[in-house]
Every structure is written in structure tokens, then in C-alpha cells.
Amino acid sequence: GADQATGRVEITLSVRREEADLLIEVADRGAGMPAPASGQGIGLRNTAERLERLYGARQQLRCENGLGGGLTVMMRVPFREVIA
């Protein structure tokens, strides 16, 4: 989402390993989701269903409005190292 004050779109992407998991966070500075923040749009719902099929209870998908605005989507999946 666009920053309400400037109209600019700024996306922050963070990817890190936390023990046996890979944590991916995408955040913007837009208006966030209307309250209550459900995070159940079709894209997020499809993503949640695919993660559940792939990883079962070992996955997590969460959406949160920021205190100062914006939205953060966090995805946690098992880390898999591929050695070629």
C-alpha cells in the first residue's frame, strides 16, 4: 500500500533463518487492513491453504497492522538446505 502522506510505495523485505525455520516478512507503509484485521483476502487465503498442505503445523502465516500504519505479512516455514 502507498504511504498516505506522500503517495509513495515502500516495501521492506526481510528474510532470515531462525533455528530450523525460515522467516519471511514483507511490510509496507500504507493504511493497513481495516479493523478487525482479518487477512482473509483470496490471495492470502490461497497462500495459507498451500502452506498448510505443504508443511502442516510447521508453518505460519500472519498479517498485522503496524502501530504507525502499514501492514506486515509474516510467513514461517521449515528451513531446507539444498546442496547442489
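Guide: This is a predicted model. The chain carries 11 positive and 11 negative side chains, and the centres of the two sets lie 4 Å apart.

Visitor: What makes a side chain positive or negative in that count?

Guide: Lys and Arg count as positive, Asp and Glu as negative, while His and the chain ends are not counted.

Visitor: Which elements does the chain have, and in what order?

Guide: There are one helix and four strands. From the N terminus on, they run β-β-α-β-β.

Visitor: How do the four strands form a sheet?

Guide: The sheet is open, its order is β1-β2-β4-β3, and the pairing is antiparallel. The twist from one strand to the next averages 15°.

Visitor: Why are β1 and β3 called edge strands?

Guide: β1 (11-18) and β3 (60-65) each pair on one side only, so they are the edge strands.

Visitor: How do you know that β3 and β4 pair?

Guide: Pairing needs at least two bridges between two strands. Six bridges join β3 to β4 (residues 71-78), so the two count as paired. They run antiparallel, and R62 stands opposite M74 in β4.

Visitor: What share of the chain is called buried, and by what cut-off?

Guide: Buried means under 20% relative accessible area. Of the 84 residues, 20% count as buried. The accessible surface of the chain comes to about 6,200 Å², of which 53% belongs to carbon and sulfur atoms.

Definitions and conventions
Residues numbered from 1 in each chain as written. Predicted model: local features only at pLDDT ≥ 70, side-chain atom pairs only at ≥ 80, totals over all residues. Heavy atoms only, no water. Buried < 20%, exposed > 50% of the residue type's maximum accessible area, 1.4 Å probe, protein only. Areas by Shrake-Rupley, 256 points an atom, 1.4 Å probe, with all protein chains shown as cover. Charge placed at Lys NZ, Arg CZ, Asp CG, Glu CD. Axes fitted to C-alpha atoms, helices over the stretch in contact; angles between N-to-C directions.
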